[in-house]
Amino acid sequence: MKKKLLLLLLAMICLVPATIPAASAPAPKNVVLTDAKSGRAFVPVRILSGFEGTSVQWNAAEQKIDIAKGDVQLTMFVGKKNASVNQQSHSLTDAPFTEAGVAYVPLQPVSELLNLPMDRDKNLSSISLGQGEERLTLPLASRGATDSGGKPIVSERKSFKVGGKTFSVQMVTISLMDPKVQLDVVLAGDKVGKVEDLSSIANRHKAAVAVNGTFFDAYTSGAYKAPYGYIVSGGEVKKTASGDKRTIFTYDQNLLAQLIPGNEFSERYDEGRMEGALQAGPRLVADGKVALDVKAEGFKDPKILTGGGARSALGLTRDHKLILLTTGGATIPQLAEIMKQAGAYQAMNLDGGASSGLYYNGKYLTAPGRKISNALIVTYR
């Protein structure tokens, strides 16, 4: 399976793009784009050559795209609705186009003509194309989402009112579809069991944003401070947690991010698409609603069950933005309501208390009270 995935990725990388970005520009993420008016979807043509038996050719001079699979030969032109199937005239509902150096073709005719089944996941805001081991899932975004214009990282100090109490929070929102944005889960000292200042972790990795990650053995007297839960970085499992039910944040190479139950980790990782992950929990928000089942996730600590304190949380919006947030004095139910009000469609708790920390643009927004075991970082290059 992993061999097929590798071949798919190599094919996507090696295919000549419709236009060639400047040498300094980052490679755009593979994203299915939708038209705001029609709602119809467009897929990057470069991914199609990754499916078995499919070839793609690009003629830059003619802005022509030739796609062949089996006995089907499909020819399209950028900016034109006129196409041909096996040299017979064929009219498209929408014309192919280019954005951020990538050629996009209308998804529906490609799916039907090339026999590549597609499935849309509204909760994940994604589209899956193909089937079996070749099934590829891509983020779904509006046209223009892959452009580097606007502010991809926004820091705000906000207030939220929950049950008569007002919470002041530090919040950083990151547009995951921006081609310059990348994520990584990093270990203190680049080794399991070490601890390090959050600012030091951020500086070593030239991070624009960093937040503390999983729980760990903060109170042991020994030098080894074991992190709790699964940790994945660069597609490699750095720490395992077999049987743990706590919520896991995961993302792939296109930064399609989601929250999954801990007992699904092995199955999801074996699919070969997981680029990074960290496990903390409990889950706070599911599908836009507060969703707490703390005991079912295996938590027994009163600090999580009933207590209040400094908190860090992570959330995802429906349009693929990552929310990182810190606040003080909140119980887990209060934190869940805060994340819902902050716009999270999915959200989970991170390690808190003295570990809670948020770093942005070279300084602390929230300074941790101790060294930490690991962090989720955002780079912008």
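This is a predicted model: local features need pLDDT of at least 70, side-chain atom pairs count only at pLDDT 80 or more; totals for chains, interfaces and linings use all residues.

Student: Which residues touch the most other members in the largest nonpolar core?

Tutor: In soluble globular proteins, nonpolar side chains tend to be buried together. A nonpolar core is here a set of buried Ala, Val, Leu, Ile, Met, Phe, Trp, Tyr and Cys residues joined through side-chain atoms within 4.5 Å, where buried means under 20% relative accessible area, exposed over 50%, and partly exposed in between, with a 1.4 Å probe and protein chains only. The largest such core has 60 residues, and Leu 176, Phe 249, Leu 322 and Leu 376 touch the most other members. At least three of its residues come from each of domain 1 (32-142) and domain 2 (153-380), the bounds being taken from an automatic or database domain assignment. A second, separate core has 29 residues, among them Met 76, Val 85, Ala 103 and Ile 127.

Student: What is Phe 249 in contact with, leaving aside its neighbours within four places in sequence?

Tutor: Contact means heavy atoms within 4.5 Å. By that criterion the partners of Phe 249 include Leu 183, Leu 259, Leu 314, Leu 322, Met 348 and Leu 376, and also Gln 258 and Gly 276.

Student: Is Val 232 buried or exposed?

Tutor: Val 232 is found in strand β17 (residues 231-233); helices (H or I, at least four residues) and strands (E, at least two) are DSSP runs, numbered from the N terminus. Its relative accessibility is 0%, so Val 232 counts as buried. Not counting residues up to four places away in sequence, Val 232 touches, among others, Val 185, Phe 265, Tyr 269 and Met 274.

Student: How many salt bridges does the structure hold, and how should I read one of them?

Tutor: A salt bridge is a side-chain nitrogen of Lys or Arg within 4 Å of a carboxyl oxygen of Asp or Glu, and the structure holds 10 of them. One of these joins the side chains of Asp 119 and Arg 135, at 3.6 Å from N to O. Asp 119 lies in strand β10 (residues 118-121) and Arg 135 in the loop between β11 (126-129) and β12 (136-142), so the pair ties together parts that are 16 residues apart in sequence. Asp 119 is partly exposed at 42% relative accessible area, and Arg 135 is partly exposed at 30%. In another pair, Arg 246 and Asp 244 have their closest N and O atoms 2.8 Å apart, and both residues are buried. Asp 190, Glu 196 and Arg 204, in turn, are linked in a network of salt bridges.

Student: Which residues in helix α6 are buried?

Tutor: An α-helix has 3.6 residues a turn, so residues three or four places apart point the same way. In α6 (residues 332-341), the buried residues are Ile 332, Gln 334, Leu 335, Ala 336, Ile 338 and Met 339. After α6 comes Gly 343, whose phi is positive, near 105°.

How values were computed:
Residues are numbered from 1 along each chain as its sequence is written. Side-chain values use heavy atoms; hydrogens and water are left out.
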